[in-house]
Amino acid sequence: MRTIFTHVPMLMISAFVISCTPAESVKKKDAGNVTICISASSCNGTKASSPASEEAVRSIQVLLFQDGVLYGCGAAEGSDVELMVSDGVYDIYAFVNDPYDWVSDTDVTEEKIMSSQSMLEDNSMSALVMFGYKHGVQVDKNTGTVMVPVDRLVSKIMFKEIRTDFSENSYFKGKSLKINKIYLSNILGSCTYSLQPEDSPSSDDAWFGRMGTEEIPETLKPLTSDEGLDIMIPDQGTSRLSRVFYTYPNGCISDSSSDSWQPRRTRLVIEAVLDGRKCWYHITLPPMMPNVTYLINSCTIKNMGGSSPEEHLGPACEVSLTSSLSWEEIYSVEEES
């Protein structure tokens, strides 16, 4: 099952309305006496350099529960849905850009929603999956629009620049580095609607790009990789990349450097050529959360990289990483690797 609602700054887009006739499991059978509009709200905006339509709302699905029982539902193209309900208190769940048909799921419960998983492949550069809910909403004749706060399920990785500095390495001093490809590895392909990533994901979970050598599906490449770059950086030079990648959050607390596959942290991998030799540099991301930005301010290449995407040669590169508490609020963490 999939669901998500992105943080959108009070988007109000006109949409056709699909009212959901309550199923047998619905508590109240009357049509209701109050019309309410349910829409999305967000306090988080988007970065100008982001290539994806981070705020785009292509579709919305809404489920209403009363006393733990499904009361009604609706779906529409756009950002808002109108529903006829009776006076009362409701728990409201909103799904945006989610391909799973929640309004037709007659067995859905609040517990089932929060334990279900969305799959990374349900996202695209034009529609990121988002999800949100609001509990204890009082509805009466004075109720107009109910704004439901929503979050993106993806984490965002921004990579600003690569520098070279071979001043302490006489063999590579004065030589140029060629960047062929930048991509994510050890990608966790699922996220629960609870928005609480497991700190010890299983090998049986959906993973992509394992250890950097497994081919990433074509549908995910626009989100997770940037190929065919052919970027030349001379010694003491800088390439300002401003690249952005999207993935579902990998909450791994522990990491692994085993040569055989085991769950491990997500990495940003730089595939390069130095002095005619193909090599790799990687930047290990911290335990990740949904709707959070991880900003790699800079990566300074100082030596030959590893012989595989997982191999890390001590002082090969230095990294400045900024981790964001939300899509916009940022605090800095300096990290050397």
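Predicted model: local features only at pLDDT ≥ 70, side-chain atom pairs only at ≥ 80, totals over all residues.
Local features were taken at pLDDT of at least 70 and side-chain atom pairs only at pLDDT 80 or more, whereas totals for chains, interfaces and linings use all residues. Residues are numbered from 1 along each chain as its sequence is written, and side-chain values rest on heavy atoms, with hydrogens and water left out.

The protein chain holds 2 helices and 23 strands. Both kinds of element are DSSP runs numbered from the N terminus: helices are H or I runs of at least four residues, and strands are E runs of at least two. Of the 337 residues in the chain, 54% are buried. Buried means under 20% relative accessible area, exposed means over 50%, and partly exposed lies in between (1.4 Å probe, protein chains only). Contacts were also sorted by sequence separation. Among those with a separation of 6 or more, 75% join residues 24 or more positions apart. A contact here means heavy atoms within 4.5 Å.

Strand β6 spans residues 88–96. This strand is mostly covered, with 8 of its 9 residues buried. Strand β6 pairs with strand β3 (residues 59–66) through 6 bridges, and the two run antiparallel. Pairing requires at least two DSSP bridges between the strands. I60 has V96 of β6 as its bridge partner. Strand β6 also pairs with strand β8 (residues 130–139). Here 8 bridges join the antiparallel strands. I92 stands opposite K134 in β8. In a regular strand, side chains alternate between the two faces of the sheet.

The structure holds 14 aromatic pairs. One of them is stacked: the rings of Y93 and F131 have centres 6.4 Å apart and planes at 20°. Rings of Phe, Tyr and Trp (its six-membered ring) pair if their centres lie within 6.5 Å; planes under 30 degrees apart count as stacked, over 60 as edge-to-face, and the rest as tilted. Y93 lies in strand β6 and F131 in strand β8, so the pair ties together parts 38 residues apart in sequence. Both residues are covered. Y93 is buried at 2% relative accessibility, and F131 is buried at 1%. F131 also pairs with Y133 in a tilted arrangement, at 6.0 Å centre to centre and 45° between the planes. Y133 is partly exposed, at 37% relative accessibility. Ring pairs link F65, Y93, F95, Y100, W102, F131, Y133 and Y193 into a cluster.

The side chain of E110 makes a polar contact with that of Y93, at 2.7 Å. A polar contact is a pair of N or O atoms within 3.5 Å; within protein, one must be able to donate a hydrogen and the other to accept it, and residues adjacent in sequence count only if both atoms are side-chain atoms. E110 is found in helix α1 (residues 110–115). E110 is buried, at 12% relative accessibility. Beyond residues up to four places away in sequence, E110 touches F65, G68, D91, Y93 and H135.

Side chains of opposite charge can pair when their charged atoms come close. A salt bridge is counted when a side-chain nitrogen of Lys or Arg lies within 4 Å of a carboxyl oxygen of Asp or Glu. The count comes to 17 salt bridges. E161 and R163 form one of them, with the closest N and O atoms 2.6 Å apart. E161 is buried, at 10% relative accessible area, whereas R163 is partly exposed, at 36%. D226 and R243 meet in another salt bridge, at 2.6 Å from N to O. This pair links distant parts of the chain, 17 residues apart: D226 in strand β16 (residues 225–226) and R243 in strand β18 (residues 238–247). R243 is partly exposed, with a relative accessible area of 24%. E318 and K302 form a salt bridge at 3.0 Å from N to O. This pair also links distant parts, 16 residues apart, with E318 in strand β22 (residues 317–324) and K302 in the loop between β21 (293–301) and β22. E318 is partly exposed, at 30% relative accessibility. A network of salt bridges links K181, E215, E218, K221 and E227.

K181 also lies over the face of Y183, at 4.7 Å from the ring centre. The charged end of R210 sits over the ring of W261, 5.9 Å from its centre. The criterion is NZ of Lys or CZ of Arg within 6 Å of the ring centre and within 35 degrees of the ring normal.
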